Amino acid sequence: MEEHHPERECHAKETKAQKLLNDATDILAAPPFSQLPADEVYKLMKAQRFAAANQADQLDDQCYAKLRCEAMVVCVGEVFTEFGFKLDISSKAEELDVTRWQLMVQDPEAVKLYDSEMDVRMHPTRMVKLRSDTSFSAKVRLWSEKGKTWGPWSPREKFRTLREVRVTPNDIGEDYIRLTWDRP
C-alpha cells in the first residue's frame, strides 16, 4: 500500500491522470473484466477517465491554493517604483517549485501599464517606470512548475509615486555645481 505524502500532492495533473488511466486500463484488460461485452468495458473506461481527471483537478486546486502571495512595493520614487512579492506564510515555495512570478501594474482607470512574467531567481524584484505624482495599484501571482499552474492574484497593493523635484542650478564652476531643489 502506498503511503500518503502531503508534500507531494502538487504533481502535474497530466502525470497523475495518466497513471490513474493506465492503472484502470490494466485492470479492465484482466479477468473478469476482459470477459465483459465491449460496450460495458467502454462505459467502465469512460467512468475511470472521468474519475482520474476529477482527481487531477483536485490536486491542481490544492496546488493553486498554496500559491498565495502578496505584492510588495519595495521602493517608490518620482518615476520609478520597485516591486517584489512575498509568499503567504502558509505557502511552501520549495514544495511547489515556484519558478516564475507575474506583475501587473494599473492606473486608477484600470488601464494596464505593465504586465510581465519574470524568473524568480534572476529577477526577485522589478523596477517599473511610471508617471510622477500618480496613484497606481499592483498585483502579483506565482507559477508552480510542479503543479503546472498559476496561483491566485494577490490583493491589489495601492501606492502613489512622488511629486517631481524641481532642480535649479545656482552656480556652475570649473569643478563644481551648486543646485537647489524643491518638491512642490
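## Overall layout

The model is a predicted one.

Of the 184 residues in the chain, 32% count as buried. The accessible surface of the chain comes to about 12200 Å². Carbon and sulfur atoms account for 53% of that surface. Contacts can also be sorted by how far apart the two residues lie in sequence. Among contacts between residues at least 6 apart in sequence, 57% join residues at least 24 apart.

## Cysteines

How many disulfides does a search of the whole structure find? The search finds zero disulfides.

Cys75 has a relative accessible area of 44%. This value lies between the cut-offs of 20% and 50%, so Cys75 counts as partly exposed.

Ser137 is found in strand S6, which covers residues 135-144. Is Ser137 buried or exposed? Its relative accessibility is 8%, so Ser137 counts as buried.

Which residues are in contact with Ser137, leaving aside its neighbours within four places in sequence? They are Met104, Val105 and Gln106, together with Arg156, Glu157, Lys158 and Phe159. One of these residues, Arg156, also has a polar contact with Ser137. This contact joins the side chains of Ser137 and Arg156 at 3.5 Å.

Val167, Ile172, Ile177, Leu179 and Trp181 make a nonpolar surface patch of about 550 Å². Two elements give two or more residues to this patch: strand S9, residues 166-172, and strand S10, residues 177-182.

Which strand gives the most to the nonpolar patch? Strand S10 does, with three residues. Val167, one of the residues that make the patch, is found in strand S9.

## Summary

Ser137 is buried and its side chain has a polar contact with that of Arg156.

Note on methods: Residues are numbered from 1 along each chain as its sequence is written. This is a predicted model: local features need pLDDT of at least 70, side-chain atom pairs count only at pLDDT 80 or more; totals for chains, interfaces and linings use all residues. Side-chain values use heavy atoms; hydrogens and water are left out. A disulfide is a pair of cysteine sulfur atoms within 2.5 Å. Buried means under 20% relative accessible area, exposed over 50%, partly exposed in between (1.4 Å probe, protein chains only). Helices (H or I, at least four residues) and strands (E, at least two) are DSSP runs, numbered from the N terminus. A polar contact is a pair of N or O atoms within 3.5 Å; within protein, one must be able to donate a hydrogen and the other to accept it, and residues adjacent in sequence count only if both atoms are side-chain atoms. Contact means heavy atoms within 4.5 Å. Patches are made of residues with over 30% relative accessible area and no salt bridge: like charges are joined within 9 Å, nonpolar side chains (Val, Leu, Ile, Met, Phe, Trp, Tyr) within 5 Å. Accessible areas come from the Shrake-Rupley method with a 1.4 Å probe; for residues, only the protein chains shown count as cover. A salt bridge is a side-chain nitrogen of Lys or Arg within 4 Å of a carboxyl oxygen of Asp or Glu.
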